[in-house]
Amino acid sequence: MSRDEKNEPGAADPELWFDPPHTERSALPATRVRILEVRQGQARFRQDEVATEEPMEIRLLVRNAAGWKRHSISITMRTPGQDFELAAGFLLTEGVITDRQAIERITYCVDPDERQRQNIVNVYLSAEVSFDLTKLTRHVYTSSSCGICGKASLELVRAVCPRRPVGEALFTPEYFLALPAAQRQAQRLFSRTGGLHATALFDAQGRLKLLREDVGRHNAMDKLIGALLLQDGLPASNTTVLVSGRASFELVQKALMAGIPTLAAVGAPSSLAIELAREFGMTLVGFLRDDRFNVYAGGERVRSPHPPSPARDHREG
């Protein structure tokens with residue numbers, strides 16, 4: 001048993017308590033590599049920056065009579081940085097915890113016998129929170145690209161999703177059309193590497209509230225939601241979240257768990273994402289690019305100066 005499981009850390013040890021300025025490692029989200037560039041028939045060697053991708057294990061520690069019982073919950077490939085937000089957001093959006101009070105503290109692994117200590121995040125549950133390992137029916141390996149794969153049905157989401165999100169605002173087309181540019185301008189890492197997904201949260205007036213980037217689109221969403229959770233910013237009522245890729249079933253689920261009523265994506269939604277959004281009253285927008293977008297669910301929140309044209313059988317996005 002490791003040191004962090006046997007002993008009760010004291011308040012005098014700041015590295016064992018949730019305190020991002022002191023406990024988060026210095027993030028290295030970009031890595032410099034030497035490449036051969038071929039341009040217009042000419043080849044040259046130069047330095048380039050690429051998005052860093054490293055594994056991170058999320059461990060859940062539950063108090064028992066002997067001290068702390070450790071459970072390995074997930075291993076995900078992620079861009080280093082905001083690791084505590086990623087862990088907290090993952091636990092919330094997967095239904096392991098329901099609020100900020102469930103977390104007693106978050107720390108990197110402090111066991112001197114463990115390798116890659118800053119790639120292991122320990123989340124200590126509060127004493128009054130119950131944890132049933134048998135409820136975690138999915139495998140714990142998560143890839144950065146596809147999240148936890150193999151979710152079989154909507155029934156599982158219905159069991160963990162909270163009440164319908166609150167979204168009282170009505171949006172003009174101009175509101176949505178302005179979001180991608182605002183997101184791109186805030187993507188500092190993407191501008192350096194060209195290899196990161198982004199998730200951005202906007203208020204009802206279109207003001208950017210928060211943005212997170214990661215090699216995995218699910219990780220970017222978990223980091224954003226984890227930041228809101230740790231800042232007591234949930235539920236995120238009357239907000240819109242914009243994702244840089246497609247709108248998957250899992251991204252819709254995660255947004256619902258955070259109480260976000262509107263999700264927009266620059267890419268296409270899946271059929272199951274649409275079904276889930278419609279069931280929970282979420283507004284789901286896809287193909288948000290250039291001067292157009294499609295509304296797949298929750299169209300009552302979108303105001304148009306002109307009445308919609310009659311329905312057509314359109315095979316394009």
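Buried means under 20% relative accessible area, exposed over 50%, and partly exposed in between, with a 1.4 Å probe and protein chains only. Helices (H or I, at least four residues) and strands (E, at least two) are DSSP runs, numbered from the N terminus.

The model is predicted, so local features need pLDDT of at least 70 and side-chain atom pairs count only at pLDDT 80 or more, while totals for chains, interfaces and linings use all residues. Residues are numbered from 1 along each chain as its sequence is written, and side-chain values use heavy atoms, with hydrogens and water left out.

**Stop 1: helix 10**

Select residues 271-279, which make up helix 10. The buried residues here are A273, I274, L276 and A277. Viewed down the axis of helix 10, these buried residues fall within an arc of 165 degrees, so they line one face of the helix. The arc is that of the directions from the helix axis to the C-beta atoms. After helix 10 comes G281, with a positive phi near 75 degrees.

**Stop 2**

Most residues other than glycine have a negative phi, and most peptide bonds are trans. Go to L234 and P235, which are joined by a cis peptide bond with omega about 0 degrees. P235 lies in the loop between helix 8 and strand 10. N238 is also found in the loop between helix 8 and strand 10. Its phi is near 55 degrees, a positive value in a residue other than glycine, and N238 is partly exposed at a relative accessible area of 24%.

Next select F287, in strand 12. F287 has a positive phi near 50 degrees. This residue is buried, with a relative accessible area of 16%.

**Stop 3: D222**

D222 sits in helix 8 (residues 217-230). Is D222 buried or exposed? D222 is buried, with a relative accessible area of 2%. Its side chain makes a polar contact of 3.0 Å with the side chain of K254. A polar contact is a pair of N or O atoms within 3.5 Å; within protein, one must be able to donate a hydrogen and the other to accept it, and residues adjacent in sequence count only if both atoms are side-chain atoms.

Apart from neighbours within four places in sequence, D222 is in contact with E85, L86, G89, F90, T93 and K254. Contact means heavy atoms within 4.5 Å.

**Stop 4: T262**

Move to strand 11 (residues 262-265), where T262 lies. T262 is buried, with a relative accessible area of 0%. Setting aside neighbours within four places in sequence, residues in contact with T262 include F171, F176, V241, M282 and R301.

**Stop 5: helix 6**

Select residues 179-186 for helix 6, whose buried residues are L179, P180 and Q183. Down the axis of helix 6, the buried residues fall within an arc of 95 degrees, so they line one face of the helix. Among the elements that cover them are helix 5 (173-177), strand 8 (197-202), strand 9 (208-214), strand 10 (240-243) and strand 12 (283-289).
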